[in-house]
Amino acid sequence: MSSLFRTDFRSFHLLNATQFLGALNDNIFKLLVIYFLIYIQGPEFANTILSLAGAIFVVPFLLFSSGAGVLADKISKRTVLVICKVFEVSVMIFAIVTIYLKWGFGAYIALFLLATHSALFGPAKYGIIPELVESKMVSRANGSIASLTYLAIILGTFLASFFTDVTDKNFTLIAIFCLVIAFAGLLTALGIIRTEPQRSTKKINPFFLYEIYQTLKMSWNISHLLPCIFGSSFFLFVGAFTQLNIIPFAMESLHLTDVGGGYLFLATAMGIAIGAFLSGKIAKDKVEPGLSCIAGFFIAFFFVLLALFSFSLTMTIIILTLLGIVGGSYLIPFDSFIQINSPDQKRGQVIATSNFFSFVGVFMAAVYLYFVSEELGLSAAHSFALIGVLSFFINFIVLARLSSLFFSFFARKILKHFRTLQWPNHPLEQSQVFIVKSNSWLDIIALFEKNQKIKILLPGSLFRQFPWVNSFFDTIDIVPTFIKDLSSLQKIATSITKAQNNNEKVCIFVHKKKDADVLIDHYSHVLSKLHFQTQTFFVEKRLIPTKFLFFSFLKKQILFSTNIEK
């Protein structure tokens, strides 16, 4: 790690250890409370206990995330971390007394207080990363910290179930072990170097929803920040639902015990740790939300597959592991993008807002579990299938809003292995509008390998009159096939000017049009009247024999050739 984090890798190691111990304690104690309550109330209340525990753990994140973000921007983030760890030790002492007295309601209170500690800890924990490591290392830092976090989830899930078995359900002894972990976390937090406070003048507002609204308004003005916040939040929704639903799934479909179902989530958590690590490796020194867009579709696929193979323990373990791998690859690019692209003095508030919506997702997971299991009477396997369908549509929306990042990642990491792009030697001027005639969308997407900021104007009539559809993809606008009125002329002039002011190159993509040459002449003429320079490109394709390892295949060379400049 010393080769990765040249700023202060010792403090980053200690932050990683503090986070690991905190996540370990959260997961042991949460399952401890669930097993404890099932033990004293009976297994017939398992679904209700799981839903209620999940909801209670989330409420502090909804109430305190905004204030925690403001606090992290006002004082040293290291100070916030230490205070949180002292509070965690106090909560564990209360929990030991509660469990010893077999006070069920007190166990819920302890769970609420531990979640409060985590809600206050989160913005400072993620906000301090860019203060400890160089910006180009943030993706790898997040991959590292997420890998250890999910290793903690793996170990915590295992130890909660294991200790429940080997101690013959001596929950007080397990709670004492949680106290030891909390104290160790306090010691590692004390070793982190004190960072300079950002000294934000923002005051903590008890009307936290208004503060979150203001942060969202600010985030709207930063390109792609809001979709990344939403994507990160959706991950916690599906992750929390998987953790909650896996126990009834194991009991109903695989005929395991509740403790045996707890072991199953180990496969998912292990996969997430692997996926988080791989995500950092793939991204290297870049932040790649495009990777998240691809991983999201695999999440949907594996949820449906899990429902189809619900009868097989072996297939369930394999699918849960793969689900975790793509889940880890989905989360890390979003979190890294949020940290890097948030303004320095508002980073804590943006991360707090992201945490708020993430735990809205966790809360909704608990509500959804109760609704589908108790109200609709669906099996746990059918609930997974339904989540898979929902994930597909949600990810399609996120991809559309991040389409420039997705196209860029797809072109650089995947498409270039099958198509090589050959562009004319002379560079395209920023003020020029280039017109491309091609029958394949892949030819246009290949352009994103060289330039991420391209605005595609697509002549067509379908959906053009529906602005919410027309602007669905952030890189694509549908424009009239032929401009015949002043209103259309003004709209296209505004679109081009706005894109060029955002340093985007504008491409008019003539796709599979019978009258393509006429259309090209029309747009060249219209744009010249609007004082825009144009350059027309025609696509030629050649097949080049290529070898990869022992395989031979034909790779396409995409040659963009120019016609007469208009």
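This is a predicted model: local features need pLDDT of at least 70, side-chain atom pairs count only at pLDDT 80 or more; totals for chains, interfaces and linings use all residues.

Entry 1: I then looked up the largest cavity, which has a volume of about 980 Å³. I found 48 residues lining this largest cavity, and the closest to its centre are Thr 149, Tyr 150, Ile 153, Leu 236 and Phe 359. Sorting the lining of the largest cavity by class gave me 24 nonpolar, 19 polar and five charged residues.

Entry 2: I see 12 residues in its lining, with Leu 31, Ile 34, Gln 243, Leu 244 and Ile 247 closest to the centre. Which elements give two or more residues to the lining of this second largest cavity? I noted α1, α9 (225-253) and α10 (258-283). By class, I have seven nonpolar, four polar and one charged in the lining of the second largest cavity.

**Entry 3: α1 with α4.** Helix α1 covers residues 9-41 and helix α4 covers residues 104-127; their axes come within 10 Å and cross at roughly 160°. Angles over 145 degrees count as roughly antiparallel, so I put α1 and α4 down as roughly antiparallel to each other. I also wrote down that the crossing of α1 and α4 is left-handed. On the α1 side of this contact I listed residues including Leu 15, Asp 26, Phe 29, Lys 30 and Ile 40, and on the α4 side residues including Gly 104, Tyr 108, His 117, Phe 121 and Lys 125. The contact of α1 with α4 splits into 12 nonpolar, six polar and three charged residues.

**Entry 4: α1 with α7.** Next I checked α1 against helix α7 (residues 171-190): the two pack at an angle of about 165°, with their axes 9 Å apart. From that angle, α1 and α7 are therefore roughly antiparallel to each other. The crossing of α1 and α7 is left-handed. Among the α1 residues that meet α7 I picked out Leu 14, Leu 21, Ile 28, Leu 32 and Tyr 39; among their partners in α7 are Phe 171, Ile 174, Phe 177, Ile 181 and Gly 185. How many charged residues does the contact of α1 with α7 have? I found no charged ones, with 19 nonpolar and four polar.

**Entry 5: α11 with α14.** My last stop was helix α11 (residues 289-308) and helix α14 (residues 380-401), whose axes come within 7 Å and cross at roughly 165°. I noted α11 and α14 as roughly antiparallel to each other, therefore. The crossing of α11 and α14 is left-handed. In this contact, α11 brings residues including Ser 292, Gly 296, Phe 297, Ala 300 and Phe 303, while α14 brings residues including Ala 381, Phe 384, Gly 388, Ser 391 and Phe 392.

Key. Residues are numbered from 1 along each chain as its sequence is written. Side-chain values use heavy atoms; hydrogens and water are left out. Axes are lines fitted to C-alpha atoms, for helices over the stretch in contact, and angles run from 0 to 180 degrees between N-to-C directions. Helices (H or I, at least four residues) and strands (E, at least two) are DSSP runs, numbered from the N terminus. Angles under 35 degrees count as roughly parallel, over 145 as roughly antiparallel, 65 to 115 as roughly perpendicular and the rest as oblique. A crossing is left-handed if the near helix is turned anticlockwise from the far one by less than a right angle, and right-handed if clockwise. Contact means heavy atoms within 4.5 Å. Ala, Val, Leu, Ile, Met, Phe, Trp, Tyr, Cys and Pro count as nonpolar, Asp, Glu, Lys and Arg as charged, and the others, Gly among them, as polar. On a 1 Å grid over the protein atoms alone, a cavity is a set of points where a 1.4 Å probe fits but cannot get out, and a pocket is an open set with protein on both sides within 12 Å along at least five of seven lines; lining residues have an atom within 4 Å of a point. Grid points are joined across faces, edges and corners, and a volume is the space filled by probe spheres set on the points.
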